[in-house]
Amino acid sequence: MAVKVSPSVLTADFLELDGELKKLEAAGTDMIHLDVMDGIFVPNISFGVPLIRSIKKHTNLPLDVHLMIDRPHRYLRDFAAVADYLGFHYEAGSDVAETLKEIRALGCKPCLTIKPCTAPEEIFPFLPLCDMVLVMSVEPGFGGQKFMPSALEKLSALRAECARRGLAVELEVDGGINGETAPLAVQAGATVLVAGSYVFSDQMEERVRFLKSLS
Ligand code: DX5
Ligand code: ZN
C-alpha cells in the first residue's frame with residue numbers, strides 16, 4: 001500500500017500558502033501537517049486556530065494537526081473544529097485516554113504522539129483508542145533537524161504490537177524525513193510521512209512523488 005505524505009507548512013512562507021497548497025495537491029499529497037507550538041511545551045511559538053481555519057478554506061485536503069502544547073485538553077474543542085486528525089503529546093500533561101476519547105467524540109481522528117524520550121511500550125495500552133500514532137524523530141519544536149535513528153526501532157515495535165492485536169493504526173513519523181531517511185522509516189513500519197524542509201523546496205513536486213512511491 002502506498003505511503004501517505006503529510007507536508008508540514010512550518011517552514012513555508014504563510015503568505016504564499018495558497019499557491020503551495022495547490023502544488024502539493026497536484027503532486028498527490030494526502031494531508032497537510034500543521035505544527036501548533038505554545039512556547040511552553042516546546043521552546044518555540046508557531047500558530048493557532050486562525051491560520052488553520054484560513055488554510056482549511058484554501059484546500060480540501062485533510063488537516064493533520066500536531067499539538068505541541070501544554071495540557072492540550074483545554075483547547076480540544078477549538079482545534080477539533082478545524083482538524084481532521086487531531087494529535088497531542090503523551091508527555092503534555094492531559095489524561096491520555098480521556099483526551100483520545102474526547103477527540104473522537106468531537107468528530108476527529110485521534111493521534112497520540114511521543115517524543116524521542118518516550119518508549120513505545122508506554123503507549124501500548126492506548127493503541128485501541130488511536131487512529132494514528134506519531135513517532136517524533138527529532139525533539140519537537142523546530143523544522144530542519146537531523147533524523148534520530150532511534151525512531152526506527154520505535155516504529156517497528158509499534159507496528160509489531162498493532163499487528164499482534166489486529167489494530168489498524170496509522171504510524172506517522174515526523175522530523176528529519178528526506179530522501180535517505182524516508183525509505184528507512186517506511187521499512188520500519190511508518191505509513192504516514194511528515195516532511196517539512198525536504199518538501200518545501202524548489203523540488204516540491206518531485207519530492208512528494210518520491211515519498212509517495214515508497215511502500
Ligand atoms: C517539529 C515539527 C515537524 C517539523 C518537521 O517539531 O513537528 O513537523 O516541521 O520539519 P522537518 O521535516 O524539516 O524536520
Ligand atoms: Zn509535526
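This note goes through the zinc site and the ring contacts of a predicted model.

1. Local features need pLDDT of at least 70 and side-chain atom pairs count only at pLDDT 80 or more, while totals for chains, interfaces and linings use all residues. Residues are numbered from 1 along each chain as written, chains are lettered from A and ligands numbered from 1 in the order written, and side-chain values use heavy atoms, leaving out hydrogens and water.

2. H33 (NE2), D35 (OD), H66 (ND1) and D174 (OD) coordinate the zinc ion (ligand 2) at 2.0 to 2.3 Å, where donors are N, O and S atoms within 2.8 Å of the metal (3.2 Å for Na, K and Ca). Along the chain these donors follow the spacing H-x1-D-x30-H-x107-D, and both H33 and D35 are buried (under 20% relative accessible area, with exposed over 50% and partly exposed in between, 1.4 Å probe, protein chains only).

3. The site of the zinc ion (ligand 2) is octahedral, with angles of 69 to 168 degrees among its 6 donor atoms; six donors count as octahedral if opposite donors are over 155 degrees apart and all others between 65 and 115.

4. There are 2 aromatic pairs, counted when ring centres of Phe, Tyr or Trp (its six-membered ring) lie within 6.5 Å, with planes under 30 degrees apart stacked, over 60 edge-to-face and the rest tilted. The rings of F14 and F47 have centres 5.6 Å apart and planes at 85 degrees, so this pair is edge-to-face. F14 is partly exposed at 32% relative accessible area, whereas F47 is buried at 9%.

5. Y90 and F126 form a tilted pair, 6.4 Å centre to centre with 55 degrees between the planes.

Conventions. Tetrahedral: all angles 85-135°; square planar, octahedral: opposite > 155°, others 65-115°.
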